[in-house]
Structures are given as C-alpha cells and as structure tokens.
Amino acid sequence: MSSPEKSKDDKKEDKIPGESSPRTSGSSDSTAGMSMEHLRRYLAEKLGFYDDDDAVTEDETEKVKVLDEVTVDGIINYIKNKNCKNIITMAGAGISTSAGIPDFRSPGTGLYHNLKKYNLPNPQAIFELDFFQDNPRPFFELAKELYPGSFKPTVCHYFIKMLVDKGYLLRHYTQNIDTLERVAGIPDDKLVEAHGTFHTGHCLQCRKEYTQEWMKERIFKDDIPICESCPGVVKPDIVFFGENLPNKFHKSLLVDFGKCDLLIILGSSLAVQPFASLVDRVPSNIPRLLINREKAGHRTGIMAMLGVGGGLDFDSKDNTRDVLWLGECDEGCQLLADKLGWGDELKELCKKEHDRIDKVKDDETDETTASKKEVDASKVPKL
Ligand code: CNA
C-alpha cells in the first residue's frame, strides 16, 4: 500500500506532498496557498502516515458516493441494487455471547474479568504458549467451561448461514473458537477460523492429531490430554498468542478481499491483530457495516483528524461507506433479514435448528440413562 520511495523524494525537496502532482493539483478548495487537503497531506507525510495510493483513492472517494445514505437502509439498498454476491462477514466473540459464551473484554462478564480464580500472572497468560507449556491446567479448566457442544448457535450465526444458502456470502472470517459456525451449518469452504478451532487438536511434541471427541473425554474428566504416542500434551488447535495463524487465513485473505462487495463486521472489539486490520483490505469504494454493542475499529485521535491510517471511518464528513449499528448482534441481523424480506425465514430456521439440537441432546441423555440402567441391572446379583 505505502510508497516509501515517493515519500522520500518529496521529503528531500521539502515540498508539500502532492503539491505539484497532477493527481492533486486540481484540488478546488485551495484558497490561500495551502488548502486544507494539502495541509492534511503535509502533516501526514511529516508524521510518516502518508500513502500515495491513498491520495488517489481518497480523491476518488470524495467524488464517489458509495451509499445513498450512510445507514442500515443505505446498506440494504446497496445489497439490492448491486446484487451482492461476494459479501464477507468478519466475526468476534460478540456473536456468541447470546448463546451463553462470555466474550473477552465486556466489563463484568468478559473472560478477562473472570480469570482471577486461575491465579494467572496476567489474563492473557491463559492463551500464551509459554505459560501453557509450564502449566496447562488453567487453560483446560477454562476449556471445560467453554467447551463446544454445550451451546446453540445464535440468530446471528443462522443469518450468516442464510447468506451462504442464498448465494450472497463469499467467506465468513471468524475469531471464534467455539465452532458454532460449523454447528450452524456454515460449510468448511465458506469458513475461515482465523484463531483456529477446538475441532481438532495436536500433540505439542510429536504433532499427532486428535479429534474433538477424544480431547473432550479427557478434559471433562479433569485430565490433561496426554498423547498416546509420547508424553506430550495435546492442545486443541486454537491459536495462542505467539503462534502463527492458520495457512487458510493467509491464503484466503489474498484471494477474497479484493473481490469483496460488502463487508459486515459482527460482535468484535477489533482489538486483536492481524484480524482487525482485515477491514482495510476491502477496496475503498466498498461499504463496511459494523454491528456491535460499542463503536470499534475506528480511527481516533490525530489519525482521524488527518483522515489517514487504517480503520473504520464513521465520523468524517466525507464518509459515504462506513455504517455503525449499535446494539445486539442478533437484533442487528434480524433487522437486516427483515429489511431483506427474509425475517420469517430466519426465525423459522433458528427454531427448527434449535429444536433439532435439543432433540439430539435429549436422545443422547436417554441413551446414557438407558446404558446406565443396563449397567446397574447387571450389578444386581442373580438369585
Ligand atoms: P472481545 O474483544 O471480547 O470483543 C467482543 C465485542 O463484542 C465487544 O466489542 C463487545 O461489546 C461486543 N459484544 C459482546 N456481546 C455482544 C452482543 N451480544 N451483540 C453485539 N456486540 C456484542 O472479542 P473479539 O472477538 O473482538 O476478540 C478476539 C478474541 C476473542 C479472539 O482471540 C477469540 O478467540 C476470543 N474469544 C472467542 C470466544 C468464542 O469463541 N466464542 C469467546 C471469548 C473470546
């Protein structure tokens, strides 16, 4: 993105960047020598944020009105008019809190707030590889609390599933490790689990692979899962701090983001990199909608003032593409579905799938009770 060489040349001449450039010389708001736009670029250049490519796109975005109104209705009109087929959704822990899984950072209920009982040197340590290798127990205790299989996908998960079924979704990028996307039926080829998943696990020493069921059996007995081939600990394939993100993440983002025709970000504080910076990978004329309890991932401070740098840009006067919808993910997704005319279908899908999951659980409980009774009966001495 950046073009450092060009910046260096301009610096040498100590010129205001873009001053003599044919791309920007046509700026019409120049009155007393230095226009606001030139001043902005000059400061950005001096602070090292200037990006020549941005200069072009920002000039262009000034002319292009991406959304007819910067609201959810504007997004809905855009989806209908553009016939979107390459929507990318990006999700965080906020899409699963209504299923009963706490997020990281929400005050009071977030995991970071509730990790005191584990006596960790700092809350992040529970997801740090070095700490895990010394003391895996806190992680497995937490894993037991959060273990996939105990929760049902939310309205938001099923909305994403509907985007798949209706041919609107290019890819869903999730930071979540709860596998609720899979439970909701989002197929593997539409899914990028950027921070890995509990779906599989590997021995930290010999890399032997294990299934979710194998790990679950041990974790629920409060055993540390130990490899069957060596003394290594088996860690679920979720990405800890200090580990690389999966190859699928790196490969997919190169192919997907240039094609994206709408970005929807759901339930994330956009505080974890490199995931958070994905918002900057869509072309500059592509709308971005954030559905979240709080404003997140936006430019702040001097970056916002200068109109440079990455991040969502809700507040600038030139914004015609970044929409913030504050509230619950489920409500936001139901609203989108209603406005697209899929509202009842989404409600029916949630009900049907939740009933199905409940039935599977009931059947499992019946089977366990029946086999327990069989065992108990076999213990009764025959007279
Ligand atoms: P985070 O930093 O905890 O942020 C969550 C965001 O969602 C916050 O901005 C909340 O305000 C918002 N939020 C919470 N509930 C809702 C809701 N119902 N509706 C709308 N907004 C809501 O979590 P991120 O995902 O941004 O951070 C990335 C971490 C979290 C990743 O490394 C994950 O692996 C990790 N994580 C995942 C899970 C999970 O798999 N369910 C749970 C906890 C943490």
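**Figure 1. Helix H6 and what covers it.** Buried here means under 20% relative accessible area, with exposed over 50% and partly exposed in between, for a 1.4 Å probe and protein chains only. Helices (H or I, at least four residues) and strands (E, at least two) are DSSP runs, numbered from the N terminus. In helix H6 (residues 137-146), the buried residues are Pro 138, Phe 139, Phe 140, Leu 142, Ala 143 and Leu 146. Their cover includes helix H5 (129-134), strand S4 (196-203), helix H9 (212-219) and strand S6 (234-238), where contact means heavy atoms within 4.5 Å. This is a predicted model, in which local features need pLDDT of at least 70 and side-chain atom pairs count only at pLDDT 80 or more, while totals for chains, interfaces and linings use all residues. Residues are numbered from 1 along each chain as its sequence is written, and side-chain values use heavy atoms, with hydrogens and water left out.

Figure 2. Six strands, in the order S3-S2-S1-S7-S8-S9, form an open sheet with parallel pairing, two strands being paired if DSSP finds at least two bridges between them. Strand S3 (191-193) and strand S9 (322-326) stand at the edges with a single partner strand each, so one side of each is left without a neighbour in the sheet. Neighbouring strands of this sheet are turned by 15° against each other on average, direction ignored, with axes taken as lines fitted to C-alpha atoms, for helices over the stretch in contact, and angles running from 0 to 180 degrees between N-to-C directions. Strand S8 (residues 288-292) is joined to S9 by five bridges, the two running parallel, and Leu 289 has Val 323 in S9 as its bridge partner. Helix H7 packs on the sheet, where it touches S1, S2 and S7, and its direction makes about 150° with that of S2.

**Figure 3. Strand S1 between its partners.** Five of the five residues of strand S1 (residues 87-91) are buried, so this strand is largely enclosed by the rest of the structure. Ile 87, Thr 89 and Ala 91 point one way, whereas Ile 88 and Met 90 point the other way. Five bridges pair S1 in the parallel sense with strand S2 (residues 169-174), and five join S1 to strand S7 (residues 262-266), also running parallel. Ala 91 stands opposite Thr 174 in S2 and opposite Leu 266 in S7.
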